[in-house]
Amino acid sequence: MSERYEIRFSGSGGQGLILAGVIFAEAAAIYDGKNAAQSQSYGPEARGGASKSEVILSDDTIDFPKATSIDLMLALTQEACTKYCGDIKDGGTLLADEDFVRDIPNGNFKAIRLPIIRTASEDVGKAFVANIVAIGAIAALTGRVSREAIEKAVLSRVPKGTEDLNRKALAAGYELVERRTN
Amino acid sequence: MAFDYQRYIRGGKLPHIWCPGCTYGTVFKSLLRAIDAQKLDRNDIAMVSGIGCASRLPGYVDFNTLHTAHGRALVFATGLKMAKPDKHVLVVSGDGDATAIGGNHFIHACRRNIDMTLLVFNNYTYGMTGGQYSPTTPYGLSASTMPYGNVDFAFDIPSLARGAGATFVARGTAYHVPALDRLIVAAMRHKGFSVVEIMNACPTAFGKRNKFKSPTDLLLWMKESFVPVEAFEKLPPEKTQGKLPMGILHSREGAPEFCEAYFAMVERLKEKEGTGKP
Amino acid sequence: MSRARLLQGNEACAEGALYAGCGFFAGYPITPSTEVAEHMAKKLPKRGGVFLQMEDEIAAMAAVIGGSLAGCKAFTATSGPGFSLKQENLGFAMLTEVPCVVVNVMRGGPSTGVPTGPGQSDIMQCRWGTHGDHPSICLTPAYVQEIFSETVRAFNLSEKYRTPVIVAFDEVVGHMREKIEIPEAGALSVVDRTKPICPPEEYLPYDDSQGDVPPMANFFEGYRYHVTGLNHGPDGFPVNASPRIHTDQLRLLRKVEANRDDIARNVEYRLDDADVAVFAYGICGRSAKAAVDLARAKGIRAGLLRPLTIWPFPEAQVAALSARARAIIVPELSLGQILFEVERCSKGRCRVEGIHRVDGDPIHPAQILARIQEAL
């Protein structure tokens with residue numbers, strides 16, 4: 001397995017984390033021509049509870065489709081962060097929402113805190129695009145998918161009529177990371 | 001001229017399995033006359049059944065015939081009808097088959113109002129397995145699995161059908177034969193789900209156990225007990241004791257039928273696709 | 001032109017059915033197979049096909065058989081508890097030789113078990129679920145692309161041999177998404193049932209004098225015949241206490257047994273010089289392949305036999321493997337089912353060891369690697 005890269009999107013059911021995983025995988029697999037596998041696990045609740053979605057990226061065939069040694073994990077809620085961060089690999093990255101994840105668990109990983117949900121609700125104008133803001137931030141942080149691919153994937157998967165909103169959300173995610181590194 | 005039943009009967013398949021004194025043969029002939037009256041192409045008719053004495057009937061007739069699993073006739077029939085909605089689908093069932101093991105399919109076929117006809121041969125018992133009580137065995141009567149008198153309560157099949165949404169509900173008997181012919185024709189001509197409960201005599205498994213000494217006693221009991229619905233409705237309450245109405249008990253023409261509704265949706269979608277609209 | 005798409009396993013299954021010419025689906029909502037129904041509900045009406053959500057699992061299976069008898073290629077999809085309910089009419093389709101496909105997206109059991117987690121503990125039910133002796137064809141794809149192509153193959157085998165075919169995969173591959181290419185029409189072969197050419201009055205629906213798979217007439221096409229779940233003679237009518245019952249039941253088994261070469265498909269991976277072999281299908285097959293690569297990277301000669309057809313069981317392949325490998329490792333998401341088949345076919349020629357897990361999570365490659373190392 002060459003260059004296997006594992007991402008986990010976690011938060012609460014209803015935050016669009018499965019969609020985030022699907023969009024990320026589609027960007028990599030369809031628009032960037034790499035291999036990607038997206039999977040999820042969930043409880044019986046359609047809304048609420050801790051929810052996660054995973055994307056494996058590789059240049060090679062992906063056999064085992066679940067994350068075992070996570071390169072980057074997104075956590076939009078404290079519950080999901082606490083529950084799922086144990087699989088982050090040594091030297092990996094935890095990307096946590098600045099407002100909703102107060103306690104960063106101990107671990108041999110780098111924690112980055114960004115105001116993802118606040119950016120969605122205040123700057124973009126709708127809290128429900130937090131997942132798209134997160135995708136922008138992850139794309140910028142990891143450099144694993146091209147901006148062109150991620151934009152195409154977002155636009156092909158979001159409801160008609162919300163394209164501008166989502167384009168704005170994606171850009172806001174990129175900016176969060178760019179502002180931080182500048 | 002005498003009616004030629006042989007035209008509809010498969011060569012070499014008779015004699016049937018029914019006991020002497022059983023009224024299924026009478027109903028069988030009524031059914032053939034009713035089908036003949038409609039001048040249908042035999043290739044366009046499917047007759048479907050489940051398990052039980054009545055369910056052997058399709059084996060004797062020269063149509064497309066399907067003898068399925070216990071209680072399941074209506075759902076196999078639903079598959080046939082949806083695949084070929086312009087064909088005629090008839091289902092033959094018994095009281096246990098239709099309302100016990102097949103009870104869920106029964107109420108849902110009624111609700112769905114799919115254009116088929118269900119004939120329920122109600123003889124108050126599981127005849128083939130030797131006389132166990134069924135969901136229509138009257139309270140207090142005897143059955144091999146209710147040897148001390150039935151303490152379980154019975155379904156009224158027409159009420160059940162109507163309550164579940166059937167748009168044509170009738171009851172006939174093996175005694176009132178010309179009326180039965182007319183009821184089956186009316187049921188088959190009805191667009192939508194039609195149910196005909198047909199009261200039948202099982203002298204072997206039901207009659208003997210319940211003080212009907214001969215098959216004739218059962219027929220006489222039918223003669224006494226079933227009153228045309230128009231007359232029944234005029235009876236004072238005290239005179240309805242022990243009597244039941246027969247005839248067309250409920251009919252609602254023009255209600256949306258399932259195949260039509262489904263294929264109208266298909267047409268709408270095709271038009272949409274044609275115009276390139278999403 | 002074929003085009004790459006990111007599809008869920010369940011969606012690929014539905015797409016495979018459509019590619020195979022399926023025009024009829026009947027089902028009942030159940031996790032984790034519901035997306036198959038949802039996809040068919042969206043697609044079939046637009047193509048003029050029939051989508052039915054029935055009142056229960058039994059009804060759905062019955063409607064599928066009815067639809068097939070009337071000439072449609074038909075299928076249903078379900079999971080554990082629903083698959084148990086399908087068994088009654090699955091047996092009916094086997095005995096009456098009505099082609100149809102049943103998809104079982106496996107979860108944990110028994111009973112309601114683990115609805116949202118993967119399982120493989122229905123695999124013996126896929127073989128022996130319905131009562132009585134009966135044939136079984138069961139395909140076990142592991143990748144989304146394979147779910148598509150094996151679903152097409154399931155319809156083909158079903159039409160060709162006049163028997164139900166089961167496609168069994170697990171929640172992980174049913175729900176995961178990966179890239180697949182849907183081939184152009186014509187790229188994969190599509191098989192239709194053989195219809196009779198004789199005049200209707202000469203037609204015998206179960207006449208085996210010309211071969212084990214008699215031609216099948218559809219209802220309403222002029223061949224008025226009888227179909228019954230009772231054992232029957234060549235004309236389709238019931239027979240009682242007749243030697244015909246014995247010979248006919250043997251014929252049903254022979255339809256599958258004598259055509260193993262056509263029905264069976266296995267993937268062999270790095271097996272040629274393997275000291276330790278892994279036998280695995282579905283999600284376990286994927287884990288095992290990763291484990292074999294990890295082992296090879298450590299210089300261990302490991303290999304994988306991954307059946308795409310689990311029933312009929314790849315007896316000859318396992319027997320050959322047991323003669324040359326030191327051990328066969330069998331990871332499965334059950335407490336030991338397919339393990340016994342591997343043991344049966346290895347006849348003690350090598351060690352056979354199971355890895356079992358039923359907590360709703362898949363077996364990880366590291367677990368299999370550890371067992372490969374121990375087995376040396």
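The model described here is a predicted one.

Along the principal axes, the C-alpha atoms of chain A fill a box of roughly 40 × 40 × 40 Å. Of the 182 residues in chain A, 51% are buried. Contacts across the sequence matter for this picture too: among the contacts in chain A with a separation of 6 or more, 58% join residues 24 or more positions apart.

Chain C comes next, and here the domain assignment gives domain 1 (3-182) and domain 2 (267-375). The C-alpha centres of these two domains of chain C lie 26 Å apart. Where the domains meet, domain 1 of chain C contributes 24 residues and domain 2 of chain C contributes 21 residues. On the domain 1 side, the elements that give two or more residues are strand S6 (114-118), helix H5 (123-128), strand S7 (138-139), helix H6 (144-161), strand S8 (164-170) and helix H7 (171-175) of chain C. H5(C) gives the most to this side, with 4 residues. By class, the side of domain 1 of chain C that touches domain 2 of chain C holds 13 nonpolar, 7 polar and 4 charged residues.

Chain C also meets chain A, with 18 residues of chain C in contact with 21 residues of chain A. On the chain C side, two or more residues come from each of strand S1 (3-8), H7, strand S9 (177-182) and helix H10 (282-297) of chain C. Within S9(C), Arg177(C) is the bridge partner of Gln38(A).

Turning to chain B, its contact with chain C takes 32 residues from chain B and 34 residues from chain C. Strand S2 (64-67), helix H2 (73-83), helix H4 (103-112) and helix H10 (258-275) of chain B each supply at least two residues of the chain B side, and H2(B) gives the most, with 8 residues. This side of chain B divides into 13 nonpolar, 11 polar and 8 charged residues. A pair of strands joins these chains too, as S2(B) and strand S10 (residues 226-228) of chain C pair in the parallel sense over 3 bridges. Here Thr65(B) has His226(C) as its bridge partner in S10(C).

In soluble globular proteins, nonpolar side chains tend to be buried together. The largest nonpolar core in this model has 263 residues, of which Val133(A), Ile135(A), Val91(B), Phe75(C) and Val278(C) touch the most other members. Helix H1 (residues 17-31) of chain A gives the most to this core, with 10 residues. Both domain 1 (3-182) and domain 2 (267-375) of chain C give residues to this core, so it lies between them. Leaving aside residues up to four places away in sequence, Val133(A) touches Ile116(A), Thr119(A), Ala120(A), Val124(A), Ala169(A), Ala172(A) and Gly173(A).

Definitions and conventions:
Residues numbered from 1 in each chain as written. Chains lettered and ligands numbered in written order. Predicted model: local features only at pLDDT ≥ 70, side-chain atom pairs only at ≥ 80, totals over all residues. Domains from an automatic or database assignment. Contact = placed C-beta atoms within 7 Å. Nonpolar A, V, L, I, M, F, W, Y, C, P; charged D, E, K, R; others polar. Pairing = 2+ DSSP bridges. Core = buried A, V, L, I, M, F, W, Y, C linked by C-beta atoms within 7 Å. Buried ≥ 20, exposed ≤ 12 C-beta atoms within 10 Å, placed from the backbone.
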